[in-house]
Amino acid sequence: MTAPESLSLVQARRVALAAQGFADPPPAGVPTRRHLRRVLDRVGLIQMDSVNVLQRAHYLPLYSRLGPYPTTLLDAAAYRRPRELFEYWGHEASLVPVGLHPALRWRMAKARDEAWGGMRRIAQEQPELVAWVRDEVAARGPLTAAEIEHDAPRETGNWGWNWSTVKRALEFLFWAGEVTAADRTPSFARRYDLPERVLPAAVLDAPTPTDAEAHRALVAIAARALGVAAEPELRDYFRLPVAGARRAVAELVEAGELTPVAVQGWRHPAYLHAAARLPRWVRGNTLVSPFDPLVWERGRTERLFDFAYRIEIYVPAPQRVHGYYVLPFLQGERFTARVDLKADRRAGVLLVPAAWAEPGAEPGETAVALAAELHRLAGWLGLDAVAPPAAGDLAVGLTAALRSVAGVP
């Protein structure tokens, strides 16, 4: 699109959705590696999370853009040769295209200064343990932390994690790029190995860019993935340092890859990527993960969609407003509902603890569209049925719509 001086809010929303792949045509058949690559080209990286109340977080962004797809497609790209993805700290723990390894080496080099406290302390206070752990991986890898545990004292870390000193040593080495994830066990534990036994040689042999070059490359990817964004959001995508990101934005503007634009209602200056598209409309109905890059930066989500969103996993149950694992429902180009979901795999049922309509949404239309999407999601997850919602202001209408979709009078 020709770069304008300003965008209406509707235009900015459509640009953002198109940049994230929500305006792309759905696959005609079963999604293939080609479709996977198209999504990865749109989003740049995929966040991971250990919560499995519905489905592992890294599988959901592909579902939101492709519909039901074989999760083995992503597993193969991440953990089978020829690898196209590797695990590293991108936007939190992430699956990142292997070609970005050189652009993330600046973060690896700063592990002793920037890794989490427990990792830094283990590297500073017990360097001999860190060296021993690396030697164990080199000699016997791939290995899980449990397979090389010794009787070191345990400490309780953030969020209730119980990391041993061995696990902290492994995570420091992972941050520093000295070990990487070979694959995951069925219980989602990392199996660590040396990068030279996991990543393509051409990637490891690629020259290391300067910090400024790396920051510029990562901001460019973020800008393309967001379509239009303010500087803090461009920085947040790969969790970049403030000074480095600002310099990168200025250089990309000078190079013509980014154009400053004013977006209706936005207080901060915005930047439009040169490859941004403005579709006439965005169709389709889909649920979006709490860890989807479309909603990573909550301020931008609220400005774009008038949608205040919060993950309540870590909120005490009595203080939750909408539920434990709540997914926004994207209906066309608006979020019209949010729904708390849980997969009861033993019973084969998709549970709906709560369903809520957004202000301005037409409850009847939203309930019908959401019911169809819930049945589609249940099928992808291998579940046989969708339970009626237990709470929420959309519960009554959604219950009726679910019965209709299921053919129940």
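**Arg235 and its surroundings**

Leave aside the neighbours within four places in sequence, and find which residues Arg235 is in contact with. Then decide: is Arg235 buried or exposed?

*Solution.* Arg235 touches Leu240, Pro241, Val242 and Ala245. Contact means heavy atoms within 4.5 Å. Helices (H or I, at least four residues) and strands (E, at least two) are DSSP runs, numbered from the N terminus. Finally, check the cover. The relative accessible area of Arg235 is 18%, so the residue is buried. The cut-offs are under 20% for buried, over 50% for exposed and partly exposed in between, with a 1.4 Å probe and protein chains only.

A note on the model: it is predicted, local features need pLDDT of at least 70, side-chain atom pairs count only at pLDDT 80 or more, and totals for chains, interfaces and linings use all residues. Residues are numbered from 1 along each chain as its sequence is written, and side-chain values use heavy atoms, leaving out hydrogens and water.

**The whole protein**

How many helices and strands does the protein have, and what is its radius of gyration?

*Solution.* Count the secondary structure: there are 16 helices and 16 strands. Now test the overall form. A compact globule of 409 residues would have a radius of gyration near 22 Å, and the protein has 22 Å, so the two agree. That radius is taken over C-alpha atoms; the globule rule is 2.2 Å times the number of residues to the power 0.38. The C-alpha trace spans about 65 × 55 × 40 Å along its principal axes. Look inside: 54% of the 409 residues are buried. Then look at the contacts with a separation of 6 or more: residues 24 or more positions apart account for 65% of them.

**A sheet and its helix**

In what order do the three strands of the open sheet with β2 stand? Which helix packs on this sheet?

*Solution.* The order is β2-β4-β3, with antiparallel pairing. β2 (46-47) and β3 (85-90) are the edge strands; each has a single partner strand, so one side of each lacks a neighbour in the sheet. Strands pair if DSSP finds at least two bridges between them. Six bridges link β3 to β4, residues 92-97, and these strands run antiparallel. Along this pair, Trp89 stands opposite Ala93 of β4. The packing helix is α4, residues 72-79, which touches β2, β3 and β4. Its direction makes about 80° with that of β3. Here, angles run from 0 to 180 degrees between N-to-C directions, and axes are lines fitted to C-alpha atoms, for helices over the stretch in contact. Now list the buried residues of α4: Leu73, Leu74, Ala77, Ala78 and Tyr79. Their cover includes α2 (33-43), α3 (60-66) and β7 (180-184), along with β2, β3 and β4.

**Crossing helices**

At roughly what angle do the axes of α7 and α9 cross?

*Solution.* Start with α7 (residues 117-125) and α9 (residues 165-175): their axes come within 8 Å and cross at roughly 95°. These helices are therefore roughly perpendicular to each other. That label covers 65 to 115 degrees; under 35 is roughly parallel, over 145 roughly antiparallel, and the rest oblique. Among the α7 residues that meet α9 are Gly118 and Met119; on the α9 side, Phe172 and Trp175 are included. Turn to α8, residues 127-140: its axis comes within 5 Å of that of α7, crossing at roughly 100°. So α7 and α8 are also roughly perpendicular. Here Ile122, Ala123, Gln124 and Glu125 of α7 meet Pro127, Leu129 and Val130 of α8.

**Hairpins around β14**

Which strands form hairpins with β14, and how many of its residues are buried?

*Solution.* Take β13, residues 326-331: it pairs antiparallel with β14 over six bridges. Gln331 has Arg334 of β14 as its bridge partner. Two residues separate the strands of this hairpin, and Gly332 in the turn has a positive phi of about 70°. Now take β15, residues 349-357: seven bridges join it to β14, again antiparallel. Ala343 is bridged to Leu350 of β15. This hairpin has four residues between its strands, and its turn holds Gly348, with a positive phi of about 70°. Last, the burial: eight of the eleven residues of β14 (residues 334-344) are buried, so this strand is largely enclosed by the rest of the structure.
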